[in-house]
Amino acid sequence: MIALALVTGTVLAQSMLPKLAVKSTYRVGFAQTESNNPWRLAQTKSMQDEAKRLGYQLVYTDAAGSTAKQVADVRSMIAQKVDAIFLSPREDKPLAPVVAEARKAGIPVILLDRNIDPALSKAGADYVTFIGSDFIKEGQRVGDWLVKNAKGKTNIIELEGTTGSSPANDRKTGFDGVIAKNSSFKILASQSGDFSRDKGRQAAETLLQAHPEANVIYAHNDEMAIGAISALEAAGKKPGVDVLVLSIDGGKEAVKLVVDGKINYVVECNPRFGPEAFKTLKGYAAGTKYPAKVINTDRDYTAQSAKTGLAGAY
Ligand code: GYE
(Lines give C-alpha, C1' and ligand atoms only; values in the text may rest on other atoms or scores of the structure.)
Protein backbone atom coordinates (compact mmCIF):
# COMPACT_ATOMS: atom_id res chain seq x y z
CA MET A 1 0.00 0.00 0.00
CA ILE A 2 2.71 2.42 1.07
CA ALA A 3 4.89 1.47 -1.89
CA LEU A 4 1.97 2.07 -4.25
CA ALA A 5 1.32 5.52 -2.74
CA LEU A 6 4.98 6.39 -3.25
CA VAL A 7 4.95 5.29 -6.87
CA THR A 8 1.77 7.26 -7.57
CA GLY A 9 3.35 10.28 -5.88
CA THR A 10 6.33 10.09 -8.20
CA VAL A 11 4.19 9.84 -11.31
CA LEU A 12 2.06 12.77 -10.18
CA ALA A 13 5.13 14.83 -9.42
CA GLN A 14 6.55 14.17 -12.87
CA SER A 15 3.38 15.17 -14.63
CA MET A 16 3.55 18.50 -12.78
CA LEU A 17 6.63 19.63 -14.72
CA PRO A 18 5.38 22.50 -16.92
CA LYS A 19 5.35 21.98 -20.68
CA LEU A 20 7.19 24.31 -23.03
CA ALA A 21 5.55 25.07 -26.37
CA VAL A 22 7.59 24.60 -29.55
CA LYS A 23 8.15 28.14 -30.84
CA SER A 24 10.53 29.85 -33.22
CA THR A 25 11.75 32.19 -30.48
CA TYR A 26 11.68 32.35 -26.69
CA ARG A 27 12.01 34.90 -23.92
CA VAL A 28 14.20 33.13 -21.38
CA GLY A 29 15.47 34.22 -17.97
CA PHE A 30 19.02 33.65 -16.80
CA ALA A 31 19.48 34.28 -13.07
CA GLN A 32 23.23 34.63 -12.56
CA THR A 33 24.85 34.39 -9.12
CA GLU A 34 27.54 37.05 -9.32
CA SER A 35 29.98 38.53 -11.82
CA ASN A 36 33.13 38.81 -9.75
CA ASN A 37 35.35 36.39 -11.61
CA PRO A 38 36.35 35.25 -15.12
CA TRP A 39 34.42 31.99 -14.75
CA ARG A 40 31.12 33.85 -14.24
CA LEU A 41 31.89 36.33 -17.03
CA ALA A 42 32.66 33.48 -19.44
CA GLN A 43 29.44 31.69 -18.48
CA THR A 44 27.33 34.84 -18.97
CA LYS A 45 28.97 35.59 -22.31
CA SER A 46 28.38 32.04 -23.53
CA MET A 47 24.68 32.30 -22.60
CA GLN A 48 24.30 35.74 -24.22
CA ASP A 49 26.13 34.68 -27.40
CA GLU A 50 23.99 31.59 -27.87
CA ALA A 51 20.73 33.47 -27.18
CA LYS A 52 21.75 36.06 -29.75
CA ARG A 53 22.74 33.41 -32.30
CA LEU A 54 19.31 31.79 -31.94
CA GLY A 55 17.44 35.11 -31.95
CA TYR A 56 16.01 34.53 -28.44
CA GLN A 57 15.50 37.27 -25.86
CA LEU A 58 17.54 36.75 -22.68
CA VAL A 59 16.21 38.34 -19.49
CA TYR A 60 19.46 38.54 -17.54
CA THR A 61 19.84 39.27 -13.82
CA ASP A 62 22.97 39.36 -11.66
CA ALA A 63 22.43 38.62 -7.95
CA ALA A 64 25.83 40.23 -7.18
CA GLY A 65 26.64 37.62 -4.56
CA SER A 66 23.36 37.97 -2.66
CA THR A 67 21.16 34.90 -2.31
CA ALA A 68 18.23 37.11 -1.24
CA LYS A 69 18.57 39.16 -4.42
CA GLN A 70 18.66 36.01 -6.52
CA VAL A 71 15.39 34.85 -4.94
CA ALA A 72 13.87 38.26 -5.83
CA ASP A 73 15.34 38.06 -9.36
CA VAL A 74 13.63 34.71 -10.04
CA ARG A 75 10.33 36.05 -8.63
CA SER A 76 10.56 39.01 -10.99
CA MET A 77 11.12 36.65 -13.94
CA ILE A 78 8.02 34.71 -12.89
CA ALA A 79 6.05 37.99 -12.72
CA GLN A 80 7.32 38.87 -16.22
CA LYS A 81 6.02 35.46 -17.45
CA VAL A 82 9.24 34.42 -19.21
CA ASP A 83 8.95 31.17 -21.19
CA ALA A 84 11.61 29.35 -19.13
CA ILE A 85 14.28 30.11 -16.52
CA PHE A 86 17.96 29.15 -16.41
CA LEU A 87 19.09 29.36 -12.79
CA SER A 88 22.59 29.10 -11.26
CA PRO A 89 21.55 28.79 -7.61
CA ARG A 90 24.05 30.55 -5.37
CA GLU A 91 23.23 28.27 -2.42
CA ASP A 92 21.70 24.81 -2.50
CA LYS A 93 18.73 25.37 -0.15
CA PRO A 94 17.29 28.94 -0.23
CA LEU A 95 16.45 28.80 -3.96
CA ALA A 96 14.27 25.68 -3.66
CA PRO A 97 11.04 27.63 -2.89
CA VAL A 98 11.29 29.84 -6.00
CA VAL A 99 11.94 26.79 -8.19
CA ALA A 100 8.61 25.44 -6.89
CA GLU A 101 6.94 28.85 -7.47
CA ALA A 102 8.11 28.85 -11.10
CA ARG A 103 6.76 25.34 -11.60
CA LYS A 104 3.39 26.36 -10.15
CA ALA A 105 3.36 29.36 -12.50
CA GLY A 106 3.89 26.96 -15.44
CA ILE A 107 7.49 28.04 -16.14
CA PRO A 108 10.08 25.27 -16.58
CA VAL A 109 13.43 25.76 -14.80
CA ILE A 110 16.77 24.36 -15.91
CA LEU A 111 19.54 24.47 -13.29
CA LEU A 112 22.93 25.57 -14.59
CA ASP A 113 26.28 24.86 -12.96
CA ARG A 114 25.11 24.74 -9.32
CA ASN A 115 22.60 22.31 -7.91
CA ILE A 116 19.80 22.45 -5.34
CA ASP A 117 19.65 20.06 -2.39
CA PRO A 118 17.90 16.97 -3.81
CA ALA A 119 15.90 16.64 -0.60
CA LEU A 120 14.19 19.96 -1.42
CA SER A 121 13.87 19.95 -5.23
CA LYS A 122 13.73 17.06 -7.66
CA ALA A 123 14.89 16.85 -11.25
CA GLY A 124 12.05 15.79 -13.53
CA ALA A 125 9.50 17.09 -11.00
CA ASP A 126 10.43 20.56 -9.76
CA TYR A 127 12.95 21.41 -12.47
CA VAL A 128 13.83 19.85 -15.82
CA THR A 129 17.48 18.91 -15.26
CA PHE A 130 20.83 20.09 -13.92
CA ILE A 131 23.57 20.89 -16.45
CA GLY A 132 27.08 21.20 -15.05
CA SER A 133 30.22 19.47 -13.87
CA ASP A 134 30.62 16.53 -11.52
CA PHE A 135 32.06 18.49 -8.56
CA ILE A 136 32.75 15.41 -6.43
CA LYS A 137 34.88 14.04 -9.26
CA GLU A 138 36.68 17.39 -9.62
CA GLY A 139 37.68 17.25 -5.92
CA GLN A 140 38.71 13.60 -6.27
CA ARG A 141 40.89 14.39 -9.28
CA VAL A 142 42.76 17.05 -7.30
CA GLY A 143 43.17 14.60 -4.39
CA ASP A 144 44.41 11.82 -6.70
CA TRP A 145 46.94 14.16 -8.34
CA LEU A 146 48.24 15.21 -4.92
CA VAL A 147 48.58 11.65 -3.63
CA LYS A 148 50.68 10.79 -6.72
CA ASN A 149 52.77 14.00 -6.91
CA ALA A 150 53.14 15.27 -3.32
CA LYS A 151 56.81 14.24 -2.92
CA GLY A 152 56.54 14.51 0.86
CA LYS A 153 54.29 17.58 0.97
CA THR A 154 51.36 16.37 3.02
CA ASN A 155 50.16 19.24 5.27
CA ILE A 156 47.11 20.72 3.60
CA ILE A 157 45.18 23.97 3.92
CA GLU A 158 41.79 23.88 2.15
CA LEU A 159 40.08 27.05 0.90
CA GLU A 160 36.40 26.31 0.46
CA GLY A 161 33.97 27.99 -1.91
CA THR A 162 30.75 29.79 -0.96
CA THR A 163 29.25 28.17 2.12
CA GLY A 164 26.10 26.22 1.23
CA SER A 165 26.85 26.08 -2.51
CA SER A 166 26.83 22.68 -4.21
CA PRO A 167 30.34 23.01 -5.75
CA ALA A 168 31.84 23.90 -2.34
CA ASN A 169 30.08 20.97 -0.66
CA ASP A 170 31.01 18.49 -3.37
CA ARG A 171 34.58 19.64 -4.06
CA LYS A 172 35.19 19.17 -0.34
CA THR A 173 33.53 15.76 -0.22
CA GLY A 174 35.51 14.51 -3.23
CA PHE A 175 38.91 15.78 -2.10
CA ASP A 176 38.54 15.01 1.62
CA GLY A 177 37.41 11.47 0.74
CA VAL A 178 40.65 10.76 -1.15
CA ILE A 179 42.77 12.31 1.61
CA ALA A 180 40.96 10.30 4.32
CA LYS A 181 42.14 7.10 2.59
CA ASN A 182 45.80 8.21 2.69
CA SER A 183 46.91 8.39 6.30
CA SER A 184 50.17 10.25 5.59
CA PHE A 185 48.19 13.31 4.45
CA LYS A 186 46.56 15.74 6.85
CA ILE A 187 44.08 18.58 6.30
CA LEU A 188 45.35 21.09 8.88
CA ALA A 189 42.52 23.58 8.40
CA SER A 190 39.63 24.24 6.05
CA GLN A 191 37.93 27.62 5.73
CA SER A 192 35.62 29.39 3.29
CA GLY A 193 37.04 32.06 0.98
CA ASP A 194 33.63 32.47 -0.72
CA PHE A 195 35.08 31.66 -4.19
CA SER A 196 36.58 35.19 -4.11
CA ARG A 197 40.18 36.28 -4.69
CA ASP A 198 40.40 38.71 -1.82
CA LYS A 199 38.56 36.57 0.72
CA GLY A 200 40.73 33.63 -0.39
CA ARG A 201 43.85 35.71 0.20
CA GLN A 202 42.66 36.74 3.67
CA ALA A 203 41.73 33.17 4.64
CA ALA A 204 45.10 31.88 3.37
CA GLU A 205 46.94 34.60 5.31
CA THR A 206 45.22 33.67 8.59
CA LEU A 207 45.63 29.93 8.08
CA LEU A 208 49.30 30.18 7.04
CA GLN A 209 50.04 32.11 10.23
CA ALA A 210 48.25 29.51 12.35
CA HIS A 211 49.84 26.59 10.47
CA PRO A 212 53.36 27.51 9.31
CA GLU A 213 54.01 23.81 8.58
CA ALA A 214 51.44 23.88 5.72
CA ASN A 215 52.95 22.88 2.37
CA VAL A 216 49.85 22.32 0.22
CA ILE A 217 46.99 24.71 -0.52
CA TYR A 218 43.90 23.26 -2.18
CA ALA A 219 41.53 26.02 -3.32
CA HIS A 220 38.01 25.20 -4.56
CA ASN A 221 38.48 27.71 -7.40
CA ASP A 222 41.19 29.64 -9.29
CA GLU A 223 40.30 32.99 -7.75
CA MET A 224 41.05 31.79 -4.22
CA ALA A 225 44.22 30.04 -5.45
CA ILE A 226 45.41 33.35 -6.95
CA GLY A 227 44.59 35.08 -3.65
CA ALA A 228 46.55 32.36 -1.80
CA ILE A 229 49.57 32.98 -4.06
CA SER A 230 49.62 36.61 -2.88
CA ALA A 231 49.39 35.45 0.74
CA LEU A 232 52.26 32.99 0.22
CA GLU A 233 54.47 35.59 -1.44
CA ALA A 234 53.72 38.08 1.35
CA ALA A 235 54.82 35.40 3.84
CA GLY A 236 58.10 34.91 1.96
CA LYS A 237 57.15 31.47 0.62
CA LYS A 238 57.50 30.33 -3.00
CA PRO A 239 54.11 29.24 -4.38
CA GLY A 240 54.35 26.01 -6.37
CA VAL A 241 57.73 25.14 -4.81
CA ASP A 242 57.65 25.58 -1.00
CA VAL A 243 53.88 25.16 -0.99
CA LEU A 244 51.98 23.26 -3.70
CA VAL A 245 48.96 25.17 -5.03
CA LEU A 246 46.03 23.22 -6.49
CA SER A 247 42.77 24.58 -7.85
CA ILE A 248 39.64 24.08 -9.95
CA ASP A 249 38.21 26.16 -12.87
CA GLY A 250 40.99 26.54 -15.47
CA GLY A 251 40.70 30.23 -16.39
CA LYS A 252 43.48 31.76 -18.50
CA GLU A 253 45.16 33.56 -15.61
CA ALA A 254 45.38 30.35 -13.57
CA VAL A 255 46.57 28.25 -16.52
CA LYS A 256 49.29 30.87 -17.13
CA LEU A 257 50.29 30.46 -13.46
CA VAL A 258 50.61 26.71 -14.08
CA VAL A 259 52.95 27.51 -16.99
CA ASP A 260 54.89 29.81 -14.61
CA GLY A 261 55.09 27.07 -11.96
CA LYS A 262 53.15 28.93 -9.24
CA ILE A 263 50.13 26.64 -9.51
CA ASN A 264 50.89 22.92 -9.77
CA TYR A 265 47.60 21.44 -10.93
CA VAL A 266 44.19 22.69 -12.09
CA VAL A 267 41.09 20.67 -12.88
CA GLU A 268 38.97 22.51 -15.42
CA CYS A 269 35.34 23.37 -14.73
CA ASN A 270 33.90 24.30 -18.09
CA PRO A 271 31.89 27.59 -18.01
CA ARG A 272 30.75 27.57 -21.65
CA PHE A 273 27.16 26.56 -21.04
CA GLY A 274 25.34 28.41 -23.82
CA PRO A 275 25.11 25.76 -26.56
CA GLU A 276 24.19 22.87 -24.20
CA ALA A 277 21.73 25.01 -22.19
CA PHE A 278 19.71 26.15 -25.21
CA LYS A 279 19.91 22.76 -26.90
CA THR A 280 18.34 21.29 -23.75
CA LEU A 281 15.63 23.97 -23.73
CA LYS A 282 14.68 23.21 -27.34
CA GLY A 283 14.89 19.46 -26.73
CA TYR A 284 12.63 19.77 -23.71
CA ALA A 285 10.02 21.67 -25.75
CA ALA A 286 10.17 18.92 -28.37
CA GLY A 287 9.48 16.25 -25.73
CA THR A 288 12.97 14.84 -25.07
CA LYS A 289 13.29 13.27 -21.60
CA TYR A 290 16.41 14.32 -19.70
CA PRO A 291 18.28 12.52 -16.91
CA ALA A 292 18.56 14.27 -13.51
CA LYS A 293 22.03 15.54 -14.48
CA VAL A 294 23.68 16.41 -17.79
CA ILE A 295 27.39 16.35 -16.99
CA ASN A 296 29.98 18.50 -18.79
CA THR A 297 33.38 17.02 -19.58
CA ASP A 298 36.34 18.75 -17.96
CA ARG A 299 40.04 18.58 -18.85
CA ASP A 300 42.95 19.32 -16.53
CA TYR A 301 46.19 21.34 -16.61
CA THR A 302 49.58 20.12 -15.42
CA ALA A 303 53.03 21.64 -15.88
CA GLN A 304 53.22 19.44 -19.02
CA SER A 305 49.84 20.26 -20.57
CA ALA A 306 49.32 23.91 -19.53
CA LYS A 307 51.47 25.43 -22.29
CA THR A 308 49.51 23.85 -25.11
CA GLY A 309 46.21 24.28 -23.25
CA LEU A 310 46.66 28.00 -22.53
CA ALA A 311 45.27 29.23 -25.86
CA GLY A 312 42.00 27.31 -25.36
CA ALA A 313 41.46 28.40 -21.74
CA TYR A 314 38.68 30.95 -21.15
O1 GYE B 1 34.07 27.19 -9.78
C2 GYE B 1 33.47 29.43 -9.40
C3 GYE B 1 32.21 30.12 -9.51
O4 GYE B 1 29.51 27.20 -9.53
C5 GYE B 1 31.02 25.84 -10.69
O6 GYE B 1 31.31 29.15 -9.05
C7 GYE B 1 30.70 27.20 -10.25
C8 GYE B 1 31.79 27.89 -9.40
C9 GYE B 1 33.12 28.13 -10.06
O10 GYE B 1 32.03 31.38 -8.98
O11 GYE B 1 34.62 30.02 -9.86
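**Around the ligand**

Select the two domains (bounds from an automatic or database domain assignment): domain 1 (5-133 + 270-297) and domain 2 (135-269) each give at least three residues to the shell around the ligand. This is a predicted model, where local features need pLDDT of at least 70, side-chain atom pairs count only at pLDDT 80 or more, and totals for chains, interfaces and linings use all residues. Numbering runs from 1 along each chain as its sequence is written, and side-chain values use heavy atoms, without hydrogens and water.

Next, pick the shell itself (a heavy atom within 4 Å of the ligand): Glu34, Asn37, Trp39, Arg40, Asp113, Arg114, Phe135, Pro167, Arg171, Asn221, Asp249 and Cys269. Six of the shell residues are charged, four nonpolar and two polar.

Now show polar contacts (N or O pairs within 3.5 Å). Polar side-chain atoms reach ligand oxygens at 2.6 Å from Asp113, 2.8 Å from Arg114 and 3.0 Å from Asn221. On its own the ligand exposes 300 Å², and the protein buries 100% of that (Shrake-Rupley, 1.4 Å probe).

Definitions and conventions. Polar contact = N/O pair within 3.5 Å; in protein donor to acceptor, adjacent residues only side chain to side chain. Nonpolar A, V, L, I, M, F, W, Y, C, P; charged D, E, K, R; others polar.
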